[in-house]
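Visitor: I have a model on the screen and some side chains to ask about. Can you walk me through them?

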Amino acid sequence: MPADDLIETFLTAQAAFTERVHAVAPDQWQLGTPDAQWTVADLVGHLVDEHRWAAPLLAGLDMNAARAVVAGLGPAGGEGAALVRAWDLAAATAAGAFRAGAALAGQVAITRGWVPAVEYLEEMVLDLIVHAWDLGVATGYPGPLPAGAVTAIYPLAQAIVDRTPAGMFDAPADVGADAPVIDRLVALTGRRPA
């Protein structure tokens, strides 16, 4: 996928996650999610953290230096309005970093080593789509995920899952070949769509 299209897919996926974050009701932050280890607040906090890493990594910092930058930002914000604000700021900062000049031309340091920045962005898109699905399921959000973003990342999803360190995802769930694309996508990460 051309870099400009991938950035647009990222922004669309990010907007879908943002919609769901802003729709979380005050009594929903401690609900469970399809990712059994996380509540809604934990899930949003995870995405805040992931997006806080984007700017230092894309600036060329190694993992240790990027970790120091992220740690300097303080905790994500617990739950409720503070966590929503933390997400909005992290999302805007990450979007700006990915849009910057030659951000995708280089390499970034992630858990498995130095990789092309384009691979990092592909992983961020998949993460956003899957976790937007998680958040929607957990809170009963009625809107569908953006079909264009789901369709764009689906052909890359198997390769992304294959290169992800062991233990990050559960074994793929079994869904039929005629299942909706979003169901097939989240099933690759071990989710079990209804």
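Guide: This is a predicted model, so to speak plainly: local features need pLDDT of at least 70, side-chain atom pairs count only at pLDDT 80 or more, and totals for chains, interfaces and linings use all residues. Residues are numbered from 1 along each chain as its sequence is written, and side-chain values use heavy atoms, with hydrogens and water left out.

Visitor: Which ring does the charged end of R184 sit over?
Guide: A charge sits over a ring if NZ of Lys or CZ of Arg is within 6 Å of the ring centre and within 35 degrees of the ring normal. For R184 the distance to the centre is 5.2 Å. The ring belongs to Y154.

Visitor: How do F98 and Y120 pair: stacked, edge-to-face or tilted?
Guide: Rings of Phe, Tyr and Trp (its six-membered ring) pair if their centres lie within 6.5 Å. Planes under 30 degrees apart count as stacked, over 60 as edge-to-face and the rest as tilted. F98 and Y120 lie 5.6 Å centre to centre, with 40 degrees between the planes. The pair is tilted.

Visitor: Is F98 buried or exposed?
Guide: Buried means under 20% relative accessible area, exposed over 50%, partly exposed in between (1.4 Å probe, protein chains only). F98 has a relative accessible area of 1%. Therefore F98 is buried.

Visitor: Which residues form one aromatic cluster?
Guide: The structure holds 3 aromatic pairs. One of them is F98 with Y120. The cluster is F10, F98 and Y120.
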